[in-house]
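Student: Please walk me through this model. I want to learn how to read its features.

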Amino acid sequence: MENITGSLEKSSVVEPARDGHLKRTLENRHIQLISIGGAIGTGLFMGSGKVIALSGTSILLVYTILGFFLFFVMRAMGELLLSDLRFKSFADIVAHYLGPRAGFVLSWSYWLSWSVAVVGDVVVVAGFFQYWYPDAPAWMPAFATLFVLLGLNMLAVRVFGEVEFWFAIIKIVAIVILILTAAVMIATSFTSPNGVVASLSNVVAPGTIFPHGISGFFAGFQIAVFSFAGTELIGTTAAEAKNPERTLPKAINTIPLRILLFYILALVCIISVVSWAEVPANRSPFVELFLLAGFPAAAGMINFVVLTSAASSANSGVYSGCRMLFGLAERHNAPAIFARLSALSVPVHSLLFSGVCMLTGLALLFVIPEVMTVFTLISTISAILVIFTWSMILASYIAYRKKNPAAHQASRFKSPGGVPMAFTTLVFLCFVLALLALEPDTRIALCTMPLWFIFLLLAYRRRKAA
């Protein structure tokens with residue numbers, strides 16, 4: 001980071017290659033599937049096991065509550081993006097309505113959140129790989145995955161869109177297969193080898209809703225936030241969407257349906273078949289369902305699917321992180337070289353720098369070889385930064401309503417609930433942030449993250465003084 005701070009002192013003129021603009025080549029199907037893929041990630045496929053162990057069946061309530069408030073964050077973001085199509089992402093909105101310092105802090109924080117999340121995702125890929133090769137060191141598949149994803153992102157953005165499209169299709173098919181399989185097992189009262197009879201009554205059986213009391217329920221929000229991280233990814237594709245006025249509203253309005261189908265219904269199926277007490281905290285409950293049902297071949301197939309899901313989430317992170325860095329350079333808040341585009345209109349220098357930082361983060365696997373320990377640490381840091389990002393979007397919406405009432409009146413995609421709902425959601429996010437202090441493994445990250453924001457504020461002040 002020292003090199004970054006040093007470059008911020010220089011007032012270099014950005015000289016991007018070509019015309020310096022990202023190309024609008026992402027079609028409607030890309031945007032829709034990217035938004036679905038962003039909402040379905042490692043938090044669901046890997047982290048949900050830990051959340052069920054902590055919260056029991058109240059996890060369904062956790063996801064419902066968080067999904068409810070997240071919808072209003074996304075609607076506020078949608079209205080802001082469509083109020084002026086010159087906004088390339090929500091970082092531009094924050095800089096416009098809350099000032100350049102806020103835009104600076106948000107952009108670098110969002111870049112870090114995805115850099116950290118990508119590390120978490122490829123760590124999870126390594127964990128799934130060890131399902132087949134338990135003796136393989138975790139760092140090998142993790143590094144290999146990251147190199148492949150960096151290579152894919154070197155290609156035109158349309159290639160990224162196609163890769164994410166098919167990754168998302170795989171995720172959807174996997175969840176649908178799981179739901180159908182569970183439905184058959186519930187209908188036939190299937191009994192697993194450990195004696196659990198598949199039944200919807202397992203969801204509401206005595207002692208299952210709050211097995212560890214209210215503290216367990218609250219602890220579930222950390223992984224739940226990480227699960228939803230990436231939903232705002234559609235806000236970084238705005239500059240490369242062919243028809244943002246049509247595609248963004250459609251993608252945002254389907255968020256409640258996606259949460260209901262991909263989170264609530266899938267977890268109801270898992271708990272009904274496996275029972276919450278039998279769901280392993282350190283493994284994927286999706287894979288475990290088929291193992292307990294006595295279908296090892298199907299479990300291996302699902303393991304491959306959740307592996308590709310983690311790779312997909314990491315792919316989205318690589319894309320989003322380098323686009324945010326590109327935006328920083330365009331606003332002269334990062335070295336000018338990060339704004340240069342390749343012949344394929346890809347911010348290749350931003351991509352390479354982000355990749356180096358992600359590879360450095362993967363060194364954690366040499367220090368902490370336990371995959372789930374690394375995942376918990378990384379997911380907490382990412383969750384804190386995601387909450388900060390969502391909060392800044394809401395604060396920008398409140399400022400927009402005050403400073404630009406005419407744009408709100410003309411909007412065809414008004415955020416429901418307006419300013420009061422934005423304030424309510426902001427208070428809820430602050431509450432969720434405070435909940436991270438409850439558990440020792442999340443408290444450490446919460447206590448150290450202020451150092452990052454202090455560093456950014458000092459870097460911005462030094463840049464302004466130069």
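Student: Among contacts between residues at least 6 apart in sequence, what share joins residues at least 24 apart?

Tutor: A contact means heavy atoms within 4.5 Å. In this chain the share is 83%. The model is predicted: local features need pLDDT of at least 70, side-chain atom pairs count only at pLDDT 80 or more, and totals for chains, interfaces and linings use all residues. Numbering runs from 1 along each chain as its sequence is written, and side-chain values use heavy atoms, without hydrogens or water.

Student: How is a pair of aromatic rings described?

Tutor: By the distance of the centres and the angle of the planes. Rings of Phe, Tyr and Trp (its six-membered ring) pair if their centres lie within 6.5 Å; planes under 30 degrees apart are stacked, over 60 edge-to-face, the rest tilted. The count here is 21 aromatic pairs. Tyr-97 and Tyr-400 are edge-to-face, with 5.7 Å between centres and 80° between planes. They sit 303 residues apart, in helices α6 and α17. Helices are DSSP runs (H or I, at least four residues), numbered from the N terminus.

Student: Are Tyr-97 and Tyr-400 buried or exposed?

Tutor: Buried means under 20% relative accessible area, exposed over 50%, partly exposed in between (1.4 Å probe, protein chains only). Both tyrosines are buried.

Student: Why does the pair of Trp-111 and Phe-353 count as stacked?

Tutor: Because the planes lie at 25°, with centres 5.7 Å apart. Trp-111 is buried at 2% relative accessible area, whereas Phe-353 is partly exposed at 22%.

Notes:
Helix = DSSP H or I, 4+ residues; strand = E, 2+ residues; numbered from the N terminus.
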